Amino acid sequence: MRRYPGKMLTAGLALAAAALVSNGVFAAADSGKKDFMENCASCHGTDGKGHGEALYVIPGVNPPDLTTLSKNNGGVFPAQRVFQSIDGRSGIPSHGRFDMPFWGTTFQREGAEFTPASEAEVKARITAIVNYIKTIQQK
Ligand code: HEC
């Protein structure tokens with residue numbers, strides 16, 4: 001019985017981490033980048049160019065290069081469109097959208113989904129990610 005202190009420690013750490021996340025402790029500045037690396041890089045790549053590891057495990061998924069959004073939009077970063085793409089809940093574009101999770105739903109506070117407080121957190125979180133993506137645009 002007293003043989004598994006390591007396991008208990010691990011469980012305790014996981015709980016602490018979960019508590020941090022559900023409390024919505026996201027310092028605005030770096031949280032966008034951190035969130036991107038944790039949730040998006042697997043498909044879009046750590047550099048955002050669309051060559052994440054998931055490409056090799058999910059056949060047929062083709063994440064776009066996120067560093068050319070401004071370039072392809074006449075040099076203007078399409079912040080609103082990017083926000084909506086990430087959120088995923090406003091309307092269903094013509095094709096392919098289901099290859100990416102609907103982050104506006106995924107990021108909801110567990111047990112308090114879609115409450116105003118949870119929605120505010122989701123909005124702040126996605127906004128931070130949008131701001132991060134803006135910083136990786138090619139000139
Ligand atoms: C499972 C793979 C996957 C993950 C994880 C993923 N994406 Fe995507 N993403 C895609 C694919 C594929 C598309 C192309 C549209 C589609 O088919 O759904 C896309 C499209 C986009 C677009 C639209 C680009 C444009 O041209 O407007 C943005 C922005 C985006 N992703 C950002 C993100 C962000 C931010 C995250 C993390 C919170 C993320 N993605 C996580 C696969 C993924």
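Which elements of the protein chain have the lowest and the highest mean pLDDT? In this predicted model, helix H1, covering residues 5–22, has the lowest mean value, 44, and helix H7, covering residues 116–135, has the highest, 96. Over the protein chain the average pLDDT is 80, and 73% of the residues score at least 70. A stretch with pLDDT under 50 runs over residues 4–27. For this stretch the model has nine contacts beyond four places in sequence. Where pLDDT is low, the predicted coordinates should not be read in detail.

The secondary structure of the protein chain consists of seven helices and zero strands, and the pattern along the sequence is α-α-α-α-α-α-α. Of the 139 residues in the protein chain, 16% are buried. Among contacts with a separation of 6 or more, 45% are between residues 24 or more positions apart.

The largest nonpolar core contains 13 residues. Val-82, Ile-86, Ile-126, Ile-129, Val-130 and Ile-133 have the most contacts inside this core. Helix H5 (79–87) and H7 each supply at least two of the core residues, and the largest share, seven residues, comes from H7. Leaving aside residues up to four places away in sequence, Val-82 touches Leu-69, Val-130 and Ile-133.

Helix H7 was also examined for its length and its buried positions. At 1.5 Å a residue, the 20 residues of H7 should span 28 Å. The C-alpha atoms at the ends of H7 are 29 Å apart, which agrees with this expectation. The buried residues in H7 include Val-122, Arg-125, Ile-126 and Ala-128, and Ile-129, Val-130, Tyr-132 and Ile-133 are buried as well. An α-helix has 3.6 residues a turn, so residues three or four places apart point the same way.

Phe-114 lies in the loop between helix H6 (103–106) and H7. The phi angle of Phe-114 is near 65°, a positive value in a residue other than glycine. Most residues other than glycine have a negative phi. Phe-114 is classed as exposed because 11 other C-beta atoms lie within 10 Å, and the cut-off for an exposed residue is 12 or fewer.

Conventions. Residues are numbered from 1 along each chain as its sequence is written. This is a predicted model: local features need pLDDT of at least 70, side-chain atom pairs count only at pLDDT 80 or more; totals for chains, interfaces and linings use all residues. pLDDT is the predictor's confidence in each residue, from 0 to 100. Helices (H or I, at least four residues) and strands (E, at least two) are DSSP runs, numbered from the N terminus. Two residues are in contact if their C-beta atoms, placed from the backbone, lie within 7 Å. A nonpolar core is a set of buried Ala, Val, Leu, Ile, Met, Phe, Trp, Tyr and Cys residues joined through C-beta atoms within 7 Å. A residue is buried if 20 or more other C-beta atoms lie within 10 Å of its own, exposed if 12 or fewer, and partly exposed in between; C-beta atoms are placed from the backbone. The expected span of a helix is 1.5 Å times one less than its number of residues.
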